[in-house]
Amino acid sequence: MHFLKETESIYLGTSTGVIRIPADHCGRHQSRQACLNANDPYCGWNELKLKCMPPPHHDPIASHWYQTATECPVLNHPVDGGWSAWSGWSPCSHLSGDNTDPCLCQTRRCDNPPPQNGGMPCHGISIQVTNCTVHGGWTAWSAWSACSQSCGVAIKTRKRTCGNPAPAHGGRVCVGVDTQELYCHSNPPCPTASSPIKDGGWSAWSPWSECSARCGGGYRTRTRKCDNPAPQPPGGLECPGCGVEYEECNSAPCVESKKLSAWTAWVPMGNGDFALLKVMRLHLF
């Protein structure tokens with residue numbers, strides 16, 4: 001521990017660092033009379049700043065700084081109360097409605113100095129409360145939303161949130177639902193959706209079939225289907241025309257040719273005696 005005159009402070013060294021403690025405590029004297037009556041060698045009343053403080057620029061003979069260290073204090077002069085420093089935060093209880101909830105509190109006392117001889121008491125609060133358990137509460141329901149659609153079966157909704165207040169520091173959450181739904185009973189029926197009517201269209205012709213004859217005139221066919229597109233839905237017109245087409249083919253005349261048929265059966269010839277049988281063949285044209 002060492003006192004340094006240049007800074008009017010005490011320096012206290014510890015294993016973790018150095019602490020500076022000012023020698024003056026002028027700030028706790030709030031009035032001129034209290035400042036002068038304290039007979040504090042470090043403090044005097046600054047007439048320009050209207051404040052109890054050390055000599056300006058370390059000049060105790062400044063004209064606007066006044067001190068009565070050589071006079072006896074007026075012991076019966078009123079002394080206004082002053083607050084002490086706030087204590088550290090510690091667990092405490094706080095009454096909230098019908099519940100006593102755990103909180104953290106810090107306090108201060110009106111003893112720096114205490115009011116004396118009719119002096120004014122301290123102004124302000126002596127206790128601060130924080131981190132209290134807060135149980136959640138519902139907000140009011142919102143207005144109903146618009147229907148999800150303008151016809152047929154539809155619903156409308158409304159919501160609320162657990163924020164009045166929101167649960168904090170271990171408080172209970174809200175119990176219940178946050179969304180309600182209701183059917184829209186006044187909606188008119190939705191019109192039936194109908195597909196556009198499409199008339200049928202012909203597909204491409206198939207290849208021609210083989211001719212029905214090799215010569216002398218025949219015919220061949222080709223087909224098509226009414227599926228490009230098919231008539232849809234009911235009400236679409238069928239394709240106009242025919243789905244089968246005929247064409248003559250191989251119209252050249254056929255060339256005549258003769259062929260022998262197979263042998264006929266043997267037949268008897270002569271006067272009744274057995275004789276050789278004569279064989280005949282027919283000519284076919």
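**Notebook: domains, core, backbone**

I looked up the domains first: the chain is divided into domain 1 (2-66) and domain 2 (218-249), with bounds from an automatic or database domain assignment. Their C-alpha centres lie 116 Å apart.

A note on the source: this is a predicted model, where local features need pLDDT of at least 70, side-chain atom pairs count only at pLDDT 80 or more, and totals for chains, interfaces and linings use all residues. Residues are numbered from 1 along each chain as its sequence is written, and side-chain values use heavy atoms, with hydrogens and water left out.

Which residues make up the largest nonpolar core? I found six: Cys26, Cys35, Leu36, Cys43, Trp45 and Cys52. (Such a core is a set of buried Ala, Val, Leu, Ile, Met, Phe, Trp, Tyr and Cys residues joined through side-chain atoms within 4.5 Å; buried means under 20% relative accessible area, exposed over 50%, partly exposed in between, with a 1.4 Å probe and protein chains only.)

Leaving out residues up to four places away in sequence, I see Leu36 touching Trp45, Tyr66, Gln67 and Thr68 (contact is heavy atoms within 4.5 Å).

Next I checked positive phi outside glycine. His58 has phi near 55° and is exposed at 63% relative accessibility. Asn131 also has phi near 55°, but is partly exposed at 37%.

Last, the cis peptide bonds. I noted one from Asn164 to Pro165, omega near 0°, and one joining Asn228 and Pro229, omega about -5°.
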